[in-house]
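Here is a short briefing to read alongside the fold. Take a moment to turn the model around, then follow the topics below.

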Amino acid sequence: MESCNCIEPQLPPDELLSKYQYISDFFIALAYFSIPLELIYFVKKSAVFPYRWVLVQFGAFIVLCGATHLINLWTFTIHSRNVAIVMTTAKILTAVVSCATALMLVHIIPDLLSVKTRELFLKNKAAELDREMGLIRTQEETGRHVRMLTHEIRSTLDRHTILKTTLVELGRTLSLEECALWMPTRTGLELQLAYTLRQQNPVGYTVPIHLPVINQVFSSNRAVKISPNSPVARLRPLAGKYPGEVVAVRVPLLHLSNFQINDWPELSTKRYALMVLMLPSDSARQWHTYELELVEVVADQVAVALSHAAILEESMRARDLLMEQNVALDLARREAETAIRARNDFLAVMNHEMRTPMHAIIALSSLLQETELTPEQRLMVETILKSSNLLATLINDVLDLSRLEDGSLQLDLGSFNLAAVFREVINLIRPIASVKKLLVTLHLAPDLPEYAIGDENRLMQTLLNVVGNAVKFSKEGSISITAFVAKAESLRDPRAPDFFPVPSDNHFYLRVQVKDTGSGINPQDYPKLFTKFAQSQSLATKNSGGSGLGLAICKRFVHLMDGHIWLESEGLGKGCTAIFMVKLGIAECCTESKLPAATKAGMNHARTDFPGLKVIVMDDNGVSRMVTKGLLVHLGCDVTGVSSGDECLRLISQDHHVLFIDVCMHDGYEVARRVHEKLTKRHERPLTVALTANSDKATKDQCRRVGMNGVVLKPVSIDKMRSVLSDLLEHRILL
């Protein structure tokens, strides 16, 4: 039998099972061929996948599996050997690829496991990031609420509004059933219910501050959960409801003590208020962490706002107190100014009223001294004249001291002969010293300038006071006066720490020393020697006289001239040395000095009387007018006395040589001005002289403004009047 290549017939299959297998293989092949398409799409989209070649190998395996199932469709019928060979080849390739894929999985699985680990790590990180983002969102929400609450709280600085606004805003933001604030009482031993959210009028009952729950809250700066049954949490009746959770937080209170303007107050935060917050009843809601943080932040903000309000209230009280003090000070200032004006007015009136009788006494005494008198009568007249001069000096001292104290006294600076001032003082003091048989010597240093710039009258008054004191307190011995220019090294004195002399080319410091052999000074009396109306006890008991004003005025005059004065003594009975330094300007040219009237009179001996000199005296005081007229008549003048300005203007003419006007009259300056208007030509106009009781600079300036030629200070003696007329007729000016 010949062999053939045909396939041996097989058993006939079950038609139904074959049909199902055929259909299944078709769909399996279709599915296998669709999977590579999906893998190709995945590989194309996954550019970062590290195992792309494994997917290619797996795709080939799937394609081969699909091809095997597809080829297997032809095996359900009679098929040729070629079909069997193709089927066998496909299965062999599928087996090779599947084995290779399995072997590769041994290397891939650990990597896949590490990828899974990283995936889990990333999932955990993502969850943590989600939690952090949630926390950030919660914090942002909390911050928004805090900013909103802070804005509402700080929109006012009234503490009651701050606290009420805090409760309302917390209740609205956290949906609270109740919110309350317990404030410490004045004693600090109890907490009192001061503010509540739902009740318009808090009951105001108190609880002891030392309760354990309160100590627990006060000892922590965090919000603390407390029992709803604690005394501070029982704010409203529950009526069978289950109470909500309650938290409490402390609110520091600022306590001010010793608050001062322009200074920080002393702060103390040992006192606290208690804020209690309650969640709604019959609810499962609990306090969250962010809500507790919000409550803590709000409590701190309330403390800051309350501190600002407390500082504002204290500053307002301080401002009100300061305003009251300013009002009181202003009232005191006005009263002081009124008192000063009253004192000045009184002194001005008393000055005029006291000088008028003094003028009469001195003038008449000097006239009486010119007559023929017995020695006993002459002694009496000289005593009257001396006492009157002392009284006039006392009046001058009182008025000068008053002007020094209120600052109205100003120096009248001018050029004068310095040596002449000292000689004039010697001439005035020597008659008194000769009575007590005291030797008075004067030594002027060769380097002492002949002329100086300063207030000649104040310097002479200071010298007269100091030398007068030396004569007054010396019974025997001598008095020496030494004057020289102070050297730079001797300007500073340890007894005067506030005296800072500054040498200059335009001025010098005159140092004067007056040494006596008198009663001396007790060291314990030094502090009160320059006090007004005070005298050394050791000197006052000797009945030496004096008002206690001389040295006090000297000290003020010396300070006014940028100088310093002090006394030195070795003790009682050992004499005393008065030393003072004053600042004087250096005169540029040696012009004729502005000498005192008495000195100038001594230089003009040619005129002792003035026959035919026509004079008008205008004075509304009859006694003063009569006395002045008597002095002028005694000097040979033709005198007309008038009591009013109208009478003066009616009688005045170019035939008159001198016009004396009492400028204390209400129209004294006006009369002088109208005389100038009436007699416009200078050679036709009489010389106008002011008679006044005021020697201040303002009076002299006013006299200059109205055109007066001179000022004569009352009281006036016969010698002074003679000196005035001599100087006036020679120089046509006294100012």
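A residue is called buried when its relative accessible area is under 20%, exposed when it is over 50%, and partly exposed in between, using a 1.4 Å probe and protein chains only. This is a predicted model, in which local features need pLDDT of at least 70 and side-chain atom pairs count only at pLDDT 80 or more, while totals for chains, interfaces and linings use all residues. Residues are numbered from 1 along each chain as its sequence is written, and side-chain values use heavy atoms, with hydrogens and water left out.

**The chain as a whole**

- The chain has 17 helices and 18 strands; these are DSSP runs numbered from the N terminus, with helices being H or I of at least four residues and strands being E of at least two.
- Of its 735 residues, 42% count as buried.
- Contact means heavy atoms within 4.5 Å. Among the chain's contacts with a separation of 6 or more, 70% come from residues 24 or more positions apart.

- Two strands pair if DSSP finds at least two bridges between them. Strand β8 (residues 439–444) runs parallel to β10 and is joined to it by six bridges, and Leu442 has Ile481 as its bridge partner in β10.
- With strand β11 (residues 507–516), β10 pairs in the antiparallel sense over seven bridges; here Ile479 stands opposite Asp516.

**Helices α8 and α9, and an annotated site**

- Helix α8 (residues 418–435) packs with α9 at an angle of about 35 degrees, their axes being 10 Å apart. Axes are lines fitted to C-alpha atoms, for helices over the stretch in contact, and angles run from 0 to 180 degrees between N-to-C directions.
- From α8, residues including Leu428, Ile429, Ile432 and Ala433 take part in the contact, meeting α9 residues that include Leu464, Val467, Gly468 and Val471.
- By class, this contact of α8 with α9 has 14 nonpolar, one polar and two charged residues. Ala, Val, Leu, Ile, Met, Phe, Trp, Tyr, Cys and Pro count as nonpolar, Asp, Glu, Lys and Arg as charged, and the others, Gly among them, as polar.
- Val471 lies in helix α9 (residues 456–472) and counts as buried because its relative accessibility is 4%.
- Leaving aside neighbours within four places in sequence, Val471 is in contact with Ile429, Ile432, Ala433, Lys436, Leu438 and Ile479.
- The UniProt annotation "binding site" (unreviewed entry) covers Asn469, Ala470, Val471, Lys472, Asp516, Lys532, Ser547 and Leu551. UniProt positions are given in the numbering used here, feature names are shortened, and annotations may be inferred rather than shown by experiment.

- Cys65 counts as buried at 11% relative accessibility, while His69 counts as partly exposed at 24%.

**The five-stranded parallel sheet**

- An open sheet of five strands has the order β15-β14-β16-β17-β18, with parallel pairing.
- At its edges stand β15 (638–642) and β18 (710–713), each with a single partner strand, so one side of each is left without a neighbour in the sheet.
- Neighbouring strands of this sheet are turned by 20 degrees against each other on average, direction ignored.
- Strand β16 (residues 658–662) is joined to β17 (residues 687–692) by five bridges, and Ile661 stands opposite Ala690 in β17.
- Helix α13 (residues 622–634) lies across β14 (614–618), β15, β16 and β17, running at about 170 degrees to β15.

- β1 and β2 form a hairpin with five residues between them, and Gly188 in the turn has a positive phi of about 80 degrees.
- Five bridges hold the antiparallel pair of β1 (residues 178–184) and β2 (residues 190–196), with Leu193 in β2 as the bridge partner of Trp182.
- β2 is also joined by three bridges to strand β3 (residues 206–208), which runs antiparallel to β2; Leu191 stands opposite Val207 in β3.
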